[in-house]
Amino acid sequence: MTKTTAFSELTTATHEWLAEHPGATSVHLTPSKAALPSALSAWEQANAAALPDDLRDFYLLNDGLLMRWDVVAHGREVVPLGCLNVNSVQQLTPVPDRALRNERDELRHE
C-alpha cells in the first residue's frame, strides 16, 4: 500500500466512522485538491526547512483537510462540536525551535 492510498483510506475511514457513529450527525468533509510539488518546494525554500516525507506525501494528496461534525447532546439538542483541520501549504507556519523543547531545554521526542 502506498502512502497516498493509506492517507486516502484513513480520511475515508474516519469520515465513515463519524457518519455511522450514533452520537454524531452532519459530518462534512470539505474536499481539497492536491498541492503542487512546486508549492511545497517554494514553502521549504521560503522557510529554510524541509517538510517531513509523510507530511509532504499528505499535501501531494490534499492541500489541507477540513472535517466538521455535530453531536446530539442529551438525546435531542444538536451541537456543533467536532472539527479536524489541517492547514493548506499556504497557511502552514513553521514551529519555533523553543516550542519543541521541554522545561529543561531538551528536545522533545513525542
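**Salt bridges, sheet and nonpolar cores**

A search of the whole structure, which is a predicted model, finds five salt bridges. Side chains of opposite charge can pair when their charged atoms come close. One of the salt bridges joins R101 to D97, with 3.1 Å between the closest N and O atoms. Both partners are partly exposed: R101 has a relative accessible area of 26%, and D97 has one of 46%. R101 also forms a salt bridge with D105, where the closest N and O atoms are 3.9 Å apart. D105 is exposed, at 54% relative accessibility. A further salt bridge links the side chains of E106 and R104, at 3.3 Å from N to O. Within this pair, E106 is partly exposed, with a relative accessible area of 37%, whereas R104 is exposed, with a relative accessible area of 56%. Through shared partners, salt bridges join D97, R101 and D105 into one network.

D105 lies in the segment after β3. The backbone of D105 has a phi near 65 degrees, a positive value in a residue other than glycine. Most residues other than glycine have a negative phi. A positive value is also found at S26, where phi is near 55 degrees. S26 is placed in strand β1 and is partly exposed, at 36% relative accessibility. R98, like D105, belongs to the segment after β3. At 68% relative accessibility, R98 counts as exposed, because the cut-off for that class is over 50%. R98 and E44 are 54 residues apart along the chain, and their C-alpha atoms are separated by 20 Å.

The strands form an open sheet of three, in the order β1-β2-β3, with antiparallel pairing. From one strand to the next, the twist averages 15 degrees. Strands of a sheet pair through backbone hydrogen bonds, either parallel or antiparallel. Between β1 and β2 (residues 65–73), the antiparallel pairing runs over five bridges. L29 stands opposite M67 in β2.

In soluble globular proteins, nonpolar side chains tend to be buried together. In this model, the largest nonpolar core has eight residues, namely A35, L40, W43, L51, F58, Y59, L65 and V89. The elements that give two or more residues to this core are α2 (37–47) and α3 (53–61). One of the core residues, F58, touches F7, G64, L65 and V86, when residues up to four places away in sequence are not counted. Of these contacts of F58, L65 is itself listed in the core.

Notes. Residues numbered from 1 in each chain as written. Predicted model: local features only at pLDDT ≥ 70, side-chain atom pairs only at ≥ 80, totals over all residues. Heavy atoms only, no water. Pairing = 2+ DSSP bridges. Helix = DSSP H or I, 4+ residues; strand = E, 2+ residues; numbered from the N terminus. Axes fitted to C-alpha atoms, helices over the stretch in contact; angles between N-to-C directions. Salt bridge = Lys/Arg side-chain N within 4 Å of Asp/Glu carboxyl O. Buried < 20%, exposed > 50% of the residue type's maximum accessible area, 1.4 Å probe, protein only. Core = buried A, V, L, I, M, F, W, Y, C linked by side-chain atoms within 4.5 Å. Contact = heavy atoms within 4.5 Å.
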